[in-house]
Amino acid sequence: MASKAPRENIDESKLTVTKPKTKAVGIPAVANALKISFEQMGPIRSAQTLMAVNQLDGFDCMGCAWPEHEKRNAAEFCENGAKAVAEEATRRRVTPEFFAKHSVAELKTRDDYWLGQQGRLTHPMVLEEGATHYKPISWDDAYDLMAEELRGMDNPDQAVFYTSGRTSNEAAFVYQLLVRGLGTNNLPDCSNMCHESSGSALVETIGIGKGSVSLADLETASLIFVAGQNPGTNHPRMLSALEKAKKNGAIIVSVNPLPEAGLLHFENPQHVKGVVTGTKLTDDFLQIRAGGDQALFQGLGKYLLEAEAGGRATPGLDTVLDHDFINNYTVGIDEYLRYLEKVEWDDIVEATGLTLEQIRATGERLLASNATIVCWAMGLTQHKHSVPTLRDVVNVLLLQGNIGKPGAGVCPVRGHSNVQGDRTMGIFEKMPEKFHDRLDHEFEFLSPRAHGYDTVAAIRAMRDGKVRFFMGMGGNFVRAAPDSQVTEDALANTALTVQISTKLNHSHLSTGRRALILPTLGRTEKDTQVTGDQRVTVEDSMSAVHASRGRLKPASEHLHSEVAIVCNLAHRLFTDAQGHPLPGAPRAAWLSMRDDYTLIRKHIEGVIDGFENFEDRIQHPGGFVLPHPPRDARKFDTASGKAHFTGNELEYIKIPAGRLVLQTLRSHDQYNTTIYGKDDRYRGIHGGRRVVLINEADIRELGFADGDMVNLISEFDGVDRLAENFRIVSYSTPKGCAAAYYPETNVLVPLDSVADTSGTPTSKSVIIRLERS
């Protein structure tokens, strides 16, 4: 039997600190995964469910977006994937009786861990204006309430529609059609807060905002950079691919302010040798200062040019640079060289916090490689200068022709299961004109062209009274967004907030004047419509699209699928009493699409390149891979038709005296905003989360001691933001740098501090000072 949900919040007074681990996964990971699974699901349900995760005839894990091989292991999941599955397939329930017992005010005093542990939502609920408690509402009344609010808007841009990365391709496609049918492009999503910088830089430089490598490329690369990324916690199945790469002779360079156990030593529980001896993954660990990655890649580019001038060569070439590739497939190298010549080695050393010898040794790794991949995640994307940083990553790869050849390329590792697929389906506030033209042709209407709000712009608009209606398709918007208090106040400024969710979270408690909670099916559950059991599709980090089909009986008979919720609402908005489309509305058979998802996939074929014969191709085990012109044929959809070198001024964080630069991060018992447990065992943190990891010398110089309790105060444009009661933990991090968990520290991230070009919040470069609690 599953255990009961906790009665209390995390007791931070019980927090203990031990020595960080130097190896990851292994037997402890298996034991912890099974422990949490049994607590949430019980042993029989655990076995039935976990054996279907990421299987060819099963369901796609709702955790990370890491891809699978066509040939699967029997246990094709990681520890954190098992936790995600357990929380969705839990036997715990949040019923109308729960809401009758707990007021919204009381629930707001509960932490994220407690809320998430209560279980699955079972009924649609409404919070009326001035009410203290949510109460049940029928689905028909809920749809009518939303339709009434949307029809009453002065203009379509008074509505905002957020999307998390868990949404399927089918749900995302009908969702964006609904939004554009209303007449707005207000489609902020979680990409705005994570990999938007990646998309901005890659579209500009290679013409497509997606990674260019496959699993086979990663496993056969000569040199792999893993920069600003913690695979051991955020996407542990990546460690298996890195293990194969090591066995094939790859060199792995880890670039990160914190040492990460998973990148140091990996114990693969899939085979005996992996557990007994494990694999040392990292050859070189570059403990870089937060925000110093652009300087590192400019230094590496500079080193390659010096080696070229010295007459040296890359394996397989007569020179260091791939001149044939540069001449035939790129433009802009002269501008890049002009900027690089201005950069001084002293500035590079200061910005990175590395020694010149370390940077030159890494340059030697590049010189010895005939196929290089750079992988990255939030450590590179959440700074003011993230887009220039990633342009410089691409510059280094272009110098040696490492785009469009086996074992080489760019690898932005997406965090959430279908976040890349959502963007492919049109979840973006500024889709290209071609997408709009094809959407209009498919559905015989005129979609709006004016760009909509991204996440930060949406919060500003709500704050300023420009938005009446907010809908969140999955996720936990209030905990994912920056500047927590501003975000909560912004949501309170709306007339109606709607959250489509599987579980309780703080976004249900930071509401407009009225609020709806709409409970939806999870990935693990059977989605049965009038035409039979349905399947959905997802796209992984490497552009592979495959089917997902749940097996479990739904947690409640009152759940609607995400597709059904969107289609039912759209039917009310866009059709007359006889079911005919209203003038100007998309000519879509909403109820037919609700009942049969194959019809949605047929429309996707008509709108989006690469989905020809969609239904037939997902019959193939493992699905199919979408086209990627730079990877497939060295074709670049840029203005010039070639890949672009770019010239970028060197930028890095200047830390004022007596201050630190804070990066927000996840614990190991966490996935995005979902808190699975109280520990971060790889970093030696147990029983609590309110810690700040600081270099021992900084602790001493600032007048504190390990274990002291402090408040964190961020400073931006003359405004202070406060996060209270954090325990100082002496930790291996570069001098001047600190780290703490989100969402507890999101309150410190200023809404107006965003990356140039992409608008991503700068959650990895928050200037703070410490004060005693």
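Tutor: Let us start with Ser-198, which contacts Trp-376, Thr-381, Leu-390 and Pro-412 once its neighbours within four places in sequence are set aside. Please keep in mind that the model is predicted.

Student: What makes Ser-198 count as buried?

Tutor: Buried means under 20% relative accessible area. Ser-198 has a relative accessibility of 0%, and therefore it counts as buried. The residue lies in helix α9, residues 196-206.

Student: Why is Phe-38 called partly exposed?

Tutor: The class runs between the buried limit of 20% and the exposed limit of 50%. The relative accessible area of Phe-38 is 37%, so the residue is partly exposed. Phe-38 belongs to helix α1, which covers residues 26-41. Together with Val-30 and Leu-34, Phe-38 forms a nonpolar surface patch of about 220 Å² of accessible area.

Student: How do you know which class Ala-47 belongs to?

Tutor: The reasoning uses the limits of 20% and 50% again. Ala-47 has a relative accessible area of 44% and is therefore partly exposed. Ala-47 is found in helix α2, residues 43-50.

Student: Which residues of the largest nonpolar core touch the most other members?

Tutor: They are Met-146, Phe-161 and Leu-516, in a core of 63 residues. Helix α8, residues 169-182, gives the most to this core, namely nine residues. Another core lies apart from it and has 47 residues, including Val-253, Leu-304, Leu-354 and Phe-636.

Student: What makes Met-146 a contact partner of Leu-516?

Tutor: Contact requires heavy atoms within 4.5 Å. Beyond its neighbours within four places in sequence, Met-146 is in contact with Leu-516, and also with Phe-469, Met-471, Leu-496, Val-498, Leu-518 and Leu-569.

Student: Why are β21 and β23 placed at the edges?

Tutor: The open sheet has three strands in the order β21-β22-β23, paired antiparallel. Each of β21 (536-539) and β23 (624-625) has a single partner strand, so one side of each is without a neighbour in the sheet.

Key: Residues numbered from 1 in each chain as written. Predicted model: local features only at pLDDT ≥ 70, side-chain atom pairs only at ≥ 80, totals over all residues. Heavy atoms only, no water. Patch = residues over 30% accessible without salt bridge, like charges linked within 9 Å, V, L, I, M, F, W, Y side chains within 5 Å. Areas by Shrake-Rupley, 256 points an atom, 1.4 Å probe, with all protein chains shown as cover. Salt bridge = Lys/Arg side-chain N within 4 Å of Asp/Glu carboxyl O. Helix = DSSP H or I, 4+ residues; strand = E, 2+ residues; numbered from the N terminus. Buried < 20%, exposed > 50% of the residue type's maximum accessible area, 1.4 Å probe, protein only. Core = buried A, V, L, I, M, F, W, Y, C linked by side-chain atoms within 4.5 Å. Pairing = 2+ DSSP bridges.
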